Amino acid sequence: MSRYDAVIIGAGPAGAMAAHEIAEAGFKVLILEKHHRPGRPLCCAEAVTRQPLHDLLEPLESWIKSRINRVKVFGPWGYSFEVYHPEAGYILDRTVFDYDLASRAVEAGCRLECETIGLRLECGERLFSKLEILKPGGVKNMVEAPIFIAADGVESGIARRAGIDNDIDPTEVESLLQYRLEDISLDPETMEFHMGHDIAPGGYLWVFPRSSSAANVGLGITIKGQRSIRLENLLNGFIESRFKHSKIVEKHCGLVPKYQGRKAFRRGNLLVVGDAARALDSLTGAGIINAMKSGRYAGRAAVEYLSGRITGIDDIEELYPGRFFEEKEKELDLYLKLRQMYLRLTDDEIKDIIEVLDNYFGGKTVRSVNAFKLLAHLTRTRPRLLRLVRHLI
């Protein structure tokens, strides 16, 4: 049986960040990736905000497909507004980005095993002590470690089998379908969102440019109460009207669960990070930056525990998820409540909001957006939207 200081299940951004932190501190780390290489297959719209990424890492040019300087929002009946936000964000190439993050962890001393799955944790007297893994060819082994980190994405079987309640309510989850389109023409610096019952009931449609001739075009909707709706029909209808002669080169589908609070982040010496912990923006489904941050905080907490600077495993709570929540809890809570509000908007109310925001942003150069101030402005300008504010309390 092999023994490591830490075993990480999942080599996406969250797992790779955690692995790098622990390996760089000199500890023996194993990271498992179930696919043949990190970054494949892709199931992501690939958008990140610029400054939070730079706060974590200086991005390489090879990671960036396009730089976003403008956001356009389209609503019912042709209403729209746009925000000029220089250096708002990037559309990444996740196949390169994820691979490089995992390689960075390997360069720090981490051992990466691909096509290897973490099956189940075994408990010792009090803490998890062993992980059963499945290697290529159906070979099963056990590995020992004092710390385990679950970074195995939305499905996170490790966390669930370890007793963490991270079940996804099928009536609340957002279902996604995305196409990679080529042979199109669009502004490579402008990100688009489309809202309204006809185009994206209970959700939104996005156009994220990867160049002037390629884009990720996707649709995410909450199926609750509308099981007869087929994502494919809605998305195909949009593409037929907007990008009629485009070529679909890839298709992706997936689920975005909503944020579930602290319960999904830790059990004993199992730390859960990224999508596995539901560390997602519940309004937009954005999760790359939260995954990286939760991975970094979990990795640093593991280093403190392995170094003996904290003694009891429960003392780790202050470091992880404590430090992560000091930075992100208010934001995650707000976006969860905004999602509840958004799902109740009528097309008339979406039109109202677009009109207000068109006046608010029109002609201005925006460097940052304060969601609390924006919400206060909306309800002050359109008092009938106050009926939705109760969902924020």
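User: Which residue of β18 is the bridge partner of A150?

Analyst: This is a predicted model, in which local features need pLDDT of at least 70, side-chain atom pairs count only at pLDDT 80 or more, and totals for chains, interfaces and linings use all residues. Residues are numbered from 1 along each chain as its sequence is written, and side-chain values use heavy atoms, with hydrogens and water left out. Strands (E, at least two residues) are DSSP runs numbered from the N terminus, and two of them pair if DSSP finds at least two bridges between them. Strands β11 (residues 147-150) and β18 (residues 270-272) run parallel and are joined by three bridges; within β18, the partner of A150 is V272.

User: Which strands stand at the edges of the six-stranded open sheet, and why is one side of each left without a neighbour?

Analyst: The pairing in this open sheet is mixed, and its six strands follow the order β7-β3-β2-β11-β18-β17.

User: How many residues apart are E46 and R180?

Analyst: E46 and R180 form a salt bridge (a side-chain nitrogen of Lys or Arg within 4 Å of a carboxyl oxygen of Asp or Glu), with their closest N and O atoms 3.3 Å apart. Both residues are buried, that is, under 20% relative accessible area with a 1.4 Å probe and protein chains only, where exposed is over 50% and partly exposed lies in between. E46 sits in the loop between β3 (29-33) and β4 (47-49), and R180 in strand β12 (residues 174-182); the pair links distant parts of the chain, 134 residues apart.

User: How many salt bridges does the structure hold?

Analyst: One of them joins the side chains of R230 and E232 at 3.4 Å, N to O. Others share partners and join R126, R262, R266, D314, E317 and E329 into one network. The structure's total is 32.

User: How many disulfides are counted?

Analyst: A disulfide is taken as a pair of cysteine sulfur atoms within 2.5 Å. Among the cysteines, C123 is partly exposed at 47% relative accessibility, and C253 is exposed at 57%. By the distance rule, the count of disulfides is zero.

Key. Helices (H or I, at least four residues) and strands (E, at least two) are DSSP runs, numbered from the N terminus.
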